[in-house]
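Subject: The model to look at

Hi,

Here is the structure I wanted to pass on to you. Have a look at it first, and then read on for what turned up.

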Amino acid sequence: MNPNADPDSPQRLWKMGRVVLQRETAHRGGKTVIVIKDFATHLPISVIETIAKRVRAACGCGGTVRDKRIEIQGDQAAKVRAVLEAEGFEVKGVK
């Protein structure tokens, strides 16, 4: 049995792919949120929720996961981009 094939290994990597950042204020009472969208279709919702938790912790703010999109409260695009790039994503969108 190949030791690299262990499904419980923390070294098991997903190919993260590309995500898009978008700044939104519509229907939010004038508050700004950063939306992370267009995750690869093979990523399960559990991986997206884990990434959302890491982004929220790094930004020190709230957020949620809706329909395979992460919404982060506040206008913190630079911090969000840095965390996503550290996780292995190619980030497009808001600079």
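Let me start with a salt bridge: Asp-75 pairs with Arg-23, and their closest N and O atoms are 2.9 Å apart. (A salt bridge here is a side-chain nitrogen of Lys or Arg within 4 Å of a carboxyl oxygen of Asp or Glu.) The two come from distant parts of the chain, Asp-75 from the loop between E4 and H2 and Arg-23 from strand E1, 52 residues apart. Asp-75 counts as partly exposed because its relative accessibility is 46%, and Arg-23 counts as partly exposed at 41%. For those words, buried means under 20% relative accessible area, exposed over 50%, and partly exposed in between, with a 1.4 Å probe and protein chains only.

Before the rest, some ground rules. This is a predicted model, where local features need pLDDT of at least 70 and side-chain atom pairs count only at pLDDT 80 or more, while totals for chains, interfaces and linings use all residues. Residues are numbered from 1 along each chain as its sequence is written, and side-chain values use heavy atoms, with hydrogens and water left out.

Now the fold. The protein has two helices and five strands, and along the sequence they follow the pattern β-β-α-β-β-α-β. Helices (H or I, at least four residues) and strands (E, at least two) are DSSP runs, numbered from the N terminus. The five strands make an open, mixed sheet in the order E3-E4-E2-E1-E5; two strands pair if DSSP finds at least two bridges between them. E3 (63-66) and E5 (90-93) each have a single partner strand, so one side of each is left without a neighbour in the sheet. On average, neighbouring strands are turned by 25° against each other, direction ignored. (Axes are lines fitted to C-alpha atoms, for helices over the stretch in contact, and angles run from 0 to 180 degrees between N-to-C directions.)

On the E5 side, Val-20 has Lys-92 as its bridge partner and Leu-21 has Gly-93. Leu-21 also has a bridge partner in E2, namely Ile-36. Helix H2 (residues 77-87) lies across E1, E2 (33-37), E4 (69-73) and E5, and runs at about 165° to E1.

What sits inside? The largest nonpolar core has 23 residues, and Ile-36, Val-80, Leu-84 and Phe-89 are the ones with the most contacts inside it. Such a core is a set of buried Ala, Val, Leu, Ile, Met, Phe, Trp, Tyr and Cys residues joined through side-chain atoms within 4.5 Å. E1, E2, H1 (45-59), E4 and H2 each supply at least two of its residues, with H1 giving the most, six. Overall, 32% of the 95 residues count as buried. Of the contacts with a separation of 6 or more, 55% are between residues 24 or more positions apart.

Back to the charges. There are eight salt bridges in the structure. Another of them joins Glu-24 and Arg-69, at 3.5 Å from N to O; this one links strand E1 to strand E4, across 45 residues. Glu-24 counts as buried because its relative accessibility is 17%, whereas Arg-69 is partly exposed at 24%. Lys-92, the partner of Val-20 in the sheet, forms a salt bridge with Glu-90, with the closest N and O atoms 3.2 Å apart. Lys-92 is partly exposed at 38%, and Glu-90 is partly exposed at 43%. Salt bridges with shared partners also tie Glu-24, Arg-28, Arg-66, Arg-69 and Glu-71 into one network.

Finally, the cysteines. The disulfide count is zero, a disulfide being a pair of cysteine sulfur atoms within 2.5 Å. Cys-59 itself counts as buried, at 7% relative accessibility.

Cheers

Methods
Contact means heavy atoms within 4.5 Å.
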